[in-house]
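These are my notebook entries on a structure that I examined by element and by residue. I began with a pair of helices and then turned to strands and a loop.

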Amino acid sequence: AETPAMRVDIEKYRMKYRAYRLGYSKTYEQASNIQDSSPLDKKEIVCEPIDAPLFNHLSDAKRNEIDKYRADYRKYRLGYASGARGEVADLFRRQLSTEEETCEPVEQLWETVSQGAEDLDTLDSLARSYSEPFVWRPQGIGLASGYSGVFSEAMCKEVEQSDSKSMYHTLPTSVLSDPSAQYFQVPQMEDGTLELDAETLLKKTPLPKAAAEFSSIHIVQTSGVSAKIAAAQVKNSAAKIGKPCVVHDWPTLPADAKAEFDALYALGSDLILQGANRATLLVFVGAGNPGEMALAVILAMLPFRGIQLAYVTPAEDYHDPLEPLTSPSGVFEYHAAQPERMGRAALAAIFGPLGDRTFKKPLDEWKPLRPDAHPEEKPAPFKIGALDLPMVTYEGEYSAGVERLATLLVDHYGSDLFPVVSVGETGDALGYGDDLLEALASKDCPGYYFSHASGETCKSPEAYGKLELLKAIGAAKKARKTVVIIAVGGGVNGNATGMMAAMAGSVFIEVPTTLMHYNDATTSAKKAFSLVLNGQILSKNILGTFYLPQLVFCISETFLTLSKCSVHAAVGEACKTMGMLGIANSSTGQQDWHNILGGVEFASDFTKIIDTVGGFEELIRFLQQTRELKAKALALGEELSGMRMERASDGQMANVAKHRERRLRELRQVFHGQLSKEARDAVIQFLTVINTEIIAAKAMFLAYSDPFEKYRALLFEYAHTLGHGVEAFMNGLYRRASLCGLDYSEAFRLHGQCVGMAVLWAGEMSKSQGLLDGDGFLAHQALLYTFNRFGGYDFAPLRRLCDQLEVSKDEFCEGVLQVVRRDNKRGYCKCREDSSVDQLVRERPGCLLRSSDPEAELRYLVEVTEDSQRAVLERAFDCEFDKVALLKENQLHLVSREHSSTEGDQTQTASALRGLIASLY
């Protein structure tokens, strides 16, 4: 459809067609037959085009195209279309159970259906399967006829004994697949060179999820003559079949961890810059040397958190790719059966001179660090991939919390524990990393302290792959120590430190000191670096992998040293969650999210976060009140860091550390001794609710439905397209301002704040396309505006910085859109060159627009034009969205923040907003 209005018509048509499929449409005269499950043949399921007047404004050619789409789409949904691709096709090749006899082969099922069998339940299920391709009925597990969806080899237990049971109420016991890899024999010439051709590699290597074909081939050739000949064969044969092909050189390396690290990320970055995408086939042509396969697999896991790898080796012996693979330096390790990797193996196929063989290995048992019950600790229930991830908040005194964590680590991992504490600049200055390492050293477990630069522009391999760190890990491994890498601090530190743990195959522990790290970063297996060039973020989180921590341990008193930006960032992400999920545990919410496997376990009324706005504002006021104490503690910490660099005496550094601790105790005393009980309770309620609800929201999708966040959990990318764009562009301006000696502290915005602003922009784009208006629009925008009385989401400070640096509106918009064009969601749905992948909301919070692209891996990713994005960015640049939600005369109003005050009670506004949202359900 060429216009927004026509797209709205198509969406209406889709909804009506869905009603027809369910048997609710009165325009279908035999709908009652479907309702009553009376005999149907294939012809009865197919009906004439419905609601034809909806398309009167279209040409005959366009109308015929839509009719053809409807027929093809129905086949796609039923799963017997010859054009079924990717995930759909995979479903019908796989079994629901690991025991073959428990499933009826899908080919037989479709053959039975096509011959008009009397299997009425099956036919009824097919007719009603409206949201995902139907999964064949297992003979030993009673699934309801309406059950449909995507999951891998899940053994399900019944939670309801009714025919109306949906995926939402189905709780699987496991959802992760055991890793496997196939070895394929290829001819070998007399000189030992393998005879390769692109067509064979493309045909035999499994396709990535939801891809109809490989988009391109990227070859990595090692330095040997045979490898270069084989690479040339693949390139030449790729040209003959018209498949884009790029060749990269793998350098000759010493058995040195730093050289390996630099080579992996240099080549990983080059793959992206040379046009590799999620559907690229990576062909690593090796020499069969020891450790080579490990480097190939680690390389393949980096771009987009994993692309399909075909490993070519002339080795004359099988090398099991599912056993632990170690690089020549001994530092980097990849074990496909390691439960932290959740069964995700980057190696898709091996090609060599030996006979065909299949490698398969069950996942190792998941044994995280599960703390025993403790009176000062509050656990947060969370699962990912059906694995429980222990998340604990220690609510007692800070020093006791540090001691408790050190004891847990030593008791669990033993005296051979070698801790590596990674901490950013702020956490280092406040002593949070030092305190933990000293507590472990006092228990005869000394380790390595790794402090590094902070910020999104430092979320790069260069900032973390330091020689000293790699040497420390290598020495500990050689000494057969248990390397435990501990990320203390914010989300950037946790994300990037997790990458280092994943590369080393080490135990990973997260100790969040910010809300975003605790409830957002730790609740995802995604770990990543960004692509950063000369201080400019080219693409965020594009080099990464999936890796789970064994424990998340948070000490609540560290939240008292948060910055205002950090608190606003957490609320910005929370508003995104409220806007996309709404009241998920209501009857309407259950219908909205009926296809989320096991969603009932963690679904909640996520809008209850709105009610904590009073505690949010009390926390902001407390942080303003204590900022001088925090500044003094930070200054002492920076002095201590300088003394450490100059190798000052232990006595001198201990004296400065005592002064810092005194300032921090004073700061905590302000909270416990000077704030009223009502204010303290409100702050604690805010912290508790926002953490609990956001963790539950992530678990609702990641527990069973989409642990790898490549399908339905991509919903959490809502407001991230433009959010990432403005964040990356502004980080470049901060660097320019610093070089010019300008103070940009007022303009500084963290990731979550940019996402919060982008929530507003998504609402405005949805309104401009006729998808969101009236009370639905008011409720959606007011989610963020209710929390904006302190201006944490205002654009005006950013505009002033742009003016100081002489950045025009056009330069700002184009700079943001350049980042958007490299967004890591591209490829999930079809997208023209002048368009982008984004997400829009319709009708009310908790109801996102679905794509009309039947091959889109996630239907909530939709195509939007750059013109619509540019229009909303231009309005933001003019500060049009710098508003606050206020209750006036019992009516919600969105007013300019210039005409508002931070005085008074915002809780009545919050109550009115929750009431409005509830009325929309």
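**Entry 1: a helix pair**

I looked up helix H22 (residues 627-645) and helix H23 (residues 650-674), whose axes come within 9 Å and cross at roughly 160 degrees. H22 is therefore roughly antiparallel to H23, a term for angles over 145 degrees. Axes are lines fitted to C-alpha atoms, for helices over the stretch in contact, and angles run from 0 to 180 degrees between N-to-C directions. Helices (H or I, at least four residues) and strands (E, at least two) are DSSP runs, numbered from the N terminus.

I noted which residues make the contact (heavy atoms within 4.5 Å). H22 contributes, among them, Leu 629, Ala 633, Leu 636 and Leu 640, and H23 contributes residues including Met 653, Val 656, Arg 660 and Leu 667.

**Entry 2: basis of the model**

The model is predicted: local features need pLDDT of at least 70, side-chain atom pairs count only at pLDDT 80 or more, and totals for chains, interfaces and linings use all residues. Residues are numbered from 1 along each chain as its sequence is written, and side-chain values use heavy atoms, with hydrogens and water left out.

**Entry 3: a seven-stranded sheet**

I traced an open sheet of seven strands in the order E12-E15-E22-E19-E18-E16-E17, with mixed pairing. Two strands pair if DSSP finds at least two bridges between them. E12 and strand E17 (448-451) are the edge strands, each pairing on one side only. From one strand to the next, the twist averages 20 degrees.

E12 pairs with strand E15 (residues 391-394) in the antiparallel sense over three bridges, and Tyr 394 in E15 is the bridge partner of Glu 377. I also found helix H12 (residues 398-413) lying across several strands, among them E12, E15 and strand E22 (551-555), and running at about 160 degrees to E22.

**Entry 4: Glu 376**

Where does Glu 376 lie? I located Glu 376 in the loop between strand E11 (357-360) and strand E12 (377-379). Glu 376 counts as partly exposed because its relative accessibility is 35%; buried means under 20%, exposed over 50%, and partly exposed in between (1.4 Å probe, protein chains only). Leaving aside residues up to four places away in sequence, Glu 376 touches Thr 393, Tyr 394, Glu 395 and Gly 396.

**Entry 5: a hairpin**

I recorded that strand E25 (residues 883-888) and strand E26 (residues 891-896) run antiparallel and are joined by six bridges. Lys 888 has Gln 891 of E26 as its bridge partner. The two strands form a hairpin with two residues between them, and Glu 889 in the turn has a positive phi of about 50 degrees.

Technical notes
Angles under 35 degrees count as roughly parallel, over 145 as roughly antiparallel, 65 to 115 as roughly perpendicular and the rest as oblique.
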